[in-house]
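Biologist: Could you take a close look at one part of the surface for me, and then walk outwards from there to the rest of the chain? Please spell out your cut-offs as you go.

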Amino acid sequence: MESFHITDDFFESLENEISSTNQQLFNTMKGKDDFLYSVEFIKIAFSENLLDDIEFLNTLSGQPLFKARHANIILRDMLEQVIEFIYLMKHTELITEYMGVNVDTSKITTRNPIKGIHKLGSKRYSGGRKSVSEMSQDINEKKSSPNGSSLYELYQLLSEECHNSYFFANLDDIEEVETGKKTLALTEEQVSHIIIIVGSFMEVYRQ
């Protein structure tokens, strides 16, 4: 199977733009007491994490330990976070809740890890964290348009890939035995997913 990578030019251009913009955003936050609850901080935090994920995938791509299922897991998470980022940028009044202002860390118990993670997840929001489906609906990314599939449809696709990851891995192993070809790098489809995720993120990040 032919392998693909995010090109150096693409990543360097993205990295340079984010680095430059984040420096400007950081400068505007200087002296602010509530900078953790600002749009600027959210943009910086999300963009840095997004760059980390892309660099990790691109570095891993082509290495002997690369597995397509691992890339799909990361891509699915990247997409969910980008959907939530776009949702937060539309509802900036929710940033304080996203950052955990409602969470009393002294009451998070280690005896019940499920309740603990809920307090850091859905209970951060006074009305509960919206599902990916609900956030996608709110930002008009639930259904496809004439221009192509929606972010939520891509999220569903990646979710199915993850749900059935071992099954698809078995098919890859069978193909390797039959043809001698082994998938050791990002596929063309996965690179396309990255481009879509980055494009959707940057469109809002630049505003």
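Modeller: Glu12 is partly exposed, at 43% relative accessible area; that label covers the range between buried (under 20%) and exposed (over 50%), using a 1.4 Å probe and protein chains only. Glu12 sits in helix α1, where a helix is a DSSP run of H or I with at least four residues, a strand is a run of E with at least two, and both are numbered from the N terminus. Bear in mind that this is a predicted model, where local features need pLDDT of at least 70, side-chain atom pairs count only at pLDDT 80 or more, and totals for chains, interfaces and linings use all residues. Residues are numbered from 1 along each chain as its sequence is written, and side-chain values use heavy atoms, with hydrogens and water left out.

Glu12 belongs to a negative surface patch, together with Asp8, Asp9, Glu15, Glu48, Asp52 and Glu55. Patch members have over 30% relative accessible area and no salt bridge, with like charges joined within 9 Å and nonpolar side chains (Val, Leu, Ile, Met, Phe, Trp, Tyr) within 5 Å. A salt bridge here is a side-chain nitrogen of Lys or Arg within 4 Å of a carboxyl oxygen of Asp or Glu. Two elements, α1 (8-29) and α2 (39-60), each give two or more residues to the negative patch, and α1 gives the most, with 4.

In the loop between α1 and α2 you'll find Phe35, partly exposed at 34% relative accessibility.

Leaving out residues up to four places away in sequence, Ile197 touches Leu50, Leu75, Met78, Leu79 and Val82, a contact being heavy atoms within 4.5 Å. Val82 is 115 residues from Ile197 along the chain, yet their C-alpha atoms are 7.2 Å apart.

Zooming out, the chain has 9 helices and 0 strands, and 38% of its 207 residues count as buried. Among contacts with a separation of 6 or more, 73% link residues 24 or more positions apart. The C-alpha trace spans about 60 × 45 × 35 Å along its principal axes.

How values were computed. Accessible areas come from the Shrake-Rupley method with a 1.4 Å probe; for residues, only the protein chains shown count as cover. Lys and Arg count as positive and Asp and Glu as negative; His and the chain ends are not counted. The place of a charge is taken as NZ of Lys, CZ of Arg, CG of Asp or CD of Glu.
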